[in-house]
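This briefing covers aromatic pairs and nonpolar cores. The structure comes first, followed by the findings by topic.

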Amino acid sequence: MTIQTSVALAPAARAISVLGGDLTERALRLHLEGLSGVDAVGLEQRSAALGTRSIKTSSKAWALDKIIQLIDLTTLEGSDTPGKVRSLVAKALTPDPSDPSTPRVAAVCVYCDMVPAAVAALGSAHAAGSDSGVSVAAVATAFPSGRASLRVKLADTADAVEAGADEIDMVIDRGAFLSGRYGQVFDDIVAVKEACLRTDGTSAHLKVILETGELNTYDNVRRASWLAILAGGDFIKTSTGKVAPAATLPVTLLMLEAVRDWYRLTGERIGVKPAGGIRTSKDAIKYLVTVAETVGEEWLAPQLFRFGASSLLNDVLLQRQKLTTGHYSGPDYVTVD
């Protein structure tokens, strides 16, 4: 296959600021392939060391509440119904009915056709960007495979935004990326970003899912992270949760290093969302430590860091109750969904 490296790419502002006026496939390729290679041993050793950090008991209560505030509470099953989404929203708003001090999650994440149900269930609590409100995130662009035409992907995105989605989680075309068609992936992200625009001039936030479990190498994860940022992504996200491995600490560390380097280069903060496989508060705390040590504690906010999870919240609630009472509750203390 011949890749036409001279073809102009969509004029994304970030890419122009870094690559200059010659925004072509060739210029993008030279930039991405010119990134330094990843020291895999060093990356894994550093993530392992960060994963062994302990926090004081006095800080654990803060950490557990912070985890809840950073969760995108998710249901992405073919069997999802409006009733299940209403139950999810109820849990997002009141995670622990026995303890009104329990904070709310950052967002609920659903399929595009479930957005109206989520918005209706949230009611006045649907307040994107506020400290007390809960946002609605929608997975789009033929999630999880990404195997659809761009026309279909854009319609998918526009429908979700029109229905009230505050955030769009799109998947990149991994086949195109792995084939070296970086320009196609870049243009897709730019187009989806444009489809996030609302009629009032505001825009839904765009999270770009790299599906790192299919990218094969750390070097590819670094290149895909930079590509997504250059194309306009507000967040870079590890996984759909439908492919193993999903989120891992080394991969998340690598993506955090990418947004750190972007911030040092431009002063602009980009978010990171590990998703899939993070099920316990113990594991989630490792991610909090990694964020704080890599990009700084200012990233520990819903605008810059999220956990994509369905079962994590239950474990956090059990651990939170253990701190309060000194013992674990029975299995019926938390809801299954």
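Is Trp226 buried or exposed? Trp226 is buried, with a relative accessible area of 7% (buried means under 20%, exposed over 50%, partly exposed in between, with a 1.4 Å probe and protein chains only). The model is predicted: local features need pLDDT of at least 70, side-chain atom pairs count only at pLDDT 80 or more, and totals for chains, interfaces and linings use all residues. Residues are numbered from 1 along each chain as its sequence is written, and side-chain values use heavy atoms, with hydrogens and water left out.

**Aromatic pairs**

- The whole structure contains 6 aromatic pairs (rings of Phe, Tyr and Trp, the last by its six-membered ring, with centres within 6.5 Å; planes under 30 degrees apart are stacked, over 60 edge-to-face, the rest tilted).
- Trp226 and Trp262 pair edge-to-face, at 5.8 Å centre to centre and 75° between the planes.
- This pair links distant parts of the chain, 36 residues apart: Trp226 is in helix α10 (residues 218-231) and Trp262 in helix α11 (residues 249-266) (helices, H or I of at least four residues, and strands, E of at least two, are DSSP runs numbered from the N terminus).
- Trp262 is buried, with a relative accessible area of 1%.
- Tyr287 and Phe307 also pair edge-to-face, at 6.1 Å and 80°.

**Nonpolar cores**

- The largest nonpolar core has 98 residues, and Ile189 and Phe307 are among those with the most contacts inside it (a core is a set of buried Ala, Val, Leu, Ile, Met, Phe, Trp, Tyr and Cys residues joined through side-chain atoms within 4.5 Å).
- Another core, of 7 residues, lies apart from it and includes Leu76 and Cys109.
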